[in-house]
Amino acid sequence: MLNQNLKLNPEIFDENVEKAPTRDGFGKGILELGKEDKNVVCLSADLSESTRNEEFAKKFPDRYFECGVAEQNMAAIAAGLAVSGKIPFISSYSVFSPGKNWETIRTTIIYNNANVKIAGHHAGIVTGQDGVTHQATEDIASVRAWPNVNIICPCDSIEAKKATIYSGQNQGPFYLRFSREKTPIITTNETKFDFNKIQIFWESQNPKVAIFATGHMVYQALVAADELKKENIEVLVANITTLKPIDEQTIVKLAKKCGKVVTCEDHQTEGGLGGIIAEILAREFPSPMEFIGLKNTFAESGTANELMNKYGLDKNSIKTAVKKLIQK
Amino acid sequence: MDKNKLLELKKKASEARRLLIKMLTEAGSGHTAGPLGMADIFVSLYFHLLKHNPKDPLWKDRDRLVLSNGHICPIQYTCLAMANYFPIEELKTLRKINSRLQGHPHRNSLPGIETTSGPLGEGLSQAIGVTLAGILDKKNYRTYCIASDGEHQEGNHWEAVMFAGKNKLNNLTMIVDRNNIQITGNTENVMPLEPLKEKYITFNWSVFEIDGNNIEEIINTLENIQNHIDKPLAIIAKTIPGKGVSFMENDYLWHGKAPNKEEANQALKELADQ
């Protein structure tokens with residue numbers, strides 16, 4: 001059942017559950033930070049509306065910099081602002097930033113230890129009809145090997161706002177991963193945001209499988225867990241909001257408790273959350289695993305639901321994976 | 001400018017070149033031609049033009065120098081040491097294990113290094129960020145960016161040129177090391193840059209061409225112009241790569257290698273007379 005202590009959305013399993021894109025939470029987060037701290041500045045590369053920078057730009061025009069379609073320039077300008085005491089947030093689609101400007105970020109932000117927050121929008125195949133060119137599905141893999149970077153992939157819009165504010169209030173480079181599509185609201189304003197502590201959203205008396213999910217896939221995992229319960233299959237669902245630094249202790253603890261593990265992400269399983277968990281468990285507690293996510297393929301154009309269904313990123317795929325593990 | 005001051009700066013440039021040859025020979029690798037060619041500009045900056053304080057490298061009102069073509073860092077390291085940011089002796093540790101003098105400059109390793117650079121085309125953008133922060137904080141510092149001519153082949157550099165032109169960043173000065181060489185050969189053969197001056201004018205910059213090995217011209221130009229313009233300033237400094245060492249001058253093969261002991265002795269002999 002849902003972990004009552006975390007004050008999650010009680011209407012999570014309703015058919016008409018409230019939905020919002022995580023990018024909306026980002027927009028609210030930067031606005032609040034902007035009011036709090038005059039050192040917070042925002043930069044965008046011709047995508048201020050879809051990356052939810054517009055309100056910040058209106059409210060704080062002196063602290064908003066339009067860079068045009070130039071993601072490398074945007075990243076390095078942010079580095080210059082940060083080494084001069086500012087707290088810059090750079091926004092574009094993840095494919096372009098930190099995709100196109102990967103090396104610029106590596107050198108001028110990460111190695112430079114500049115206090116820049118990289119907001120990557122339109123992550124995952126739920127980006128939908130724009131197609132593969134705009135669906136970031138390798139971003140986690142490509143940034144997580146950087147030393148010293150913090151990576152957050154919020155599960156819903158409310159958590160996205162909290163994660164944004166957290167990143168702005170804490171020193172160091174952060175990569176924040178947001179999606180375009182409206183996804184169900186899982187948490188509430190009262191749910192505590194714990195940066196590097198994994199939270200268990202769904203608990204059972206005697207769980208047989210631990211489901212580790214990140215981003216909007218947490219919702220699919222919760223629905224799968226609820227349906228599996230009706231078939232008397234007990235699992236637990238952990239929300240992996242922070243991918244780096246990862247809460248290794250909790251991962252090992254939960255793997256030991258359940259013995260079997262499923263990972264769920266809207267990203268390639270190679271190098272993403274699946275890779276992260278597998279690396280830890282290979283060393284600490286080798287466990288049978290199933291991986292939900294893109295598997296060595298690109299997706300295509302389509303609606304979010306169609307794509308999640310076709311590429312196996314939905315509740316049904318998770319249920320199948322759980323059953324497969326239990327039968328092993 | 002004052003004759004004694006000019007003589008003093010010329011002596012410093014000569015001393016910097018000798019230190020450069022010694023440190024590069026000791027390191028056994030690194031870039032020689034660019035740093036020798038840029039010695040006069042770096043000496044003019046660190047010992048006359050820049051507002052800075054080696055005892056307080058993070059002084060808030062200091063002028064900022066962002067080195068974009070990080071591979072010529074030996075001349076920056078040399079000038080920082082000569083200005084007492086760290087002991088001259090430490091120059092011998094260039095590129096060695098446990099040294100603060102990284103092969104390409106790293107901000108957190110050494111006092112006086114404003115930012116990290118090496119991959120080309122990223123410095124002007126960073127200098128723009130530093131400039132914007134100064135405007136937000138109502139500071140009067142000037143940001144200098146030093147860039148190579150070869151790195152003008154990077155798209156990122158032109159993204160930055162466009163941004164600075166649009167935003168009329170008149171407290172930003174970029175000095176282009178126009179020495180006509182890059183690793184593979186002559187810039188105009190690898191990928192032509194001319195007409196460079198006209199390109200900057202079109203992008204809404206003020207542009208001046210100078211002899212980058214003439215200290216008097218460097219200082220007079222910068223002092224006379226940079227506080228009287230309403231646009232970002234590009235100084236296209238024509239320099240002789242390998243300047244001061246006859247067998248290195250204008251030879252692109254010295255772009256990315258260090259002298260051996262014999263070559264160093266010959267170079268030091270030539271530089272002793274200058």
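Two strands count as paired if DSSP finds at least two bridges between them. Helices (H or I, at least four residues) and strands (E, at least two) are DSSP runs, numbered from the N terminus. In chain A, five strands form an open sheet in the order β9-β11-β10-β13-β14, with mixed pairing. This is a predicted model: local features need pLDDT of at least 70, side-chain atom pairs count only at pLDDT 80 or more, and totals for chains, interfaces and linings use all residues. Residues are numbered from 1 along each chain as its sequence is written, while chains are lettered from A and ligands numbered from 1 in the order in which they are written.

**The five-strand sheet of chain A**

- β9 (199-202) and β14 (289-294) of chain A are the edge strands, each pairing on one side only.
- Neighbouring strands are turned by 25° against each other on average, direction ignored. Axes here are lines fitted to C-alpha atoms, for helices over the stretch in contact; angles run from 0 to 180 degrees between N-to-C directions.
- Strand β13 (residues 261-268) of chain A runs parallel to β14(A), and five bridges join them.
- V262(A) has E290(A) as its bridge partner in β14(A).
- Helix α8 (residues 217-230) of chain A packs on the sheet and touches β9, β10 (209-213), β11 (235-239) and β13 of chain A. Its direction makes about 165° with that of β11(A).
- Helix α12 (residues 315-327) of chain A also packs on the sheet, touching β10, β11, β13 and β14 of chain A. The direction of α12 makes about 160° with that of β14(A).

**Strand β4 of chain A and its partners**

- All seven residues of strand β4 (residues 87-93) of chain A are buried. Buried means that 20 or more other C-beta atoms lie within 10 Å of the residue's own; exposed means 12 or fewer, and partly exposed is in between, with C-beta atoms placed from the backbone.
- Strand β2 (residues 40-44) of chain A runs parallel to β4(A), joined by five bridges. C42(A) stands opposite F89(A) there.
- Five bridges also join β4(A) to strand β5 (residues 117-121) of chain A, again in parallel. F89(A) stands opposite K117(A) in β5(A).

**Domains of chain A**

- Chain A is divided into domain 1 (4-16 + 192-327) and domain 2 (19-183). These bounds come from an automatic or database domain assignment.
- The C-alpha centres of the two domains lie 25 Å apart.
- Their contact takes 31 residues from domain 1 and 28 residues from domain 2 of chain A. Contact means C-beta atoms, placed from the backbone, within 7 Å.
- On the domain 1 side, α8, β12 (242-244), β13 and α11 (304-310) of chain A each supply at least two residues.
- That side has 13 nonpolar, 14 polar and four charged residues. Ala, Val, Leu, Ile, Met, Phe, Trp, Tyr, Cys and Pro count as nonpolar, Asp, Glu, Lys and Arg as charged, and the others, Gly among them, as polar.

**Chain B against chain A**

- 23 residues of chain B are in contact with 23 residues of chain A.
- α4 and α5 (155-166) of chain B are the elements that give two or more residues to the chain B side. The largest share, 10 residues, comes from α4(B).
- By class, the chain B side divides into nine nonpolar, 10 polar and four charged residues.

**Helix α4 of chain B**

- 12 of the 14 residues of α4(B) are buried, so the helix is largely enclosed by the rest of the structure. Among them are L124(B), I128(B) and L132(B).
- Just after α4(B), K138(B) takes a positive phi of about 55°.

Technical notes
Contact = placed C-beta atoms within 7 Å.
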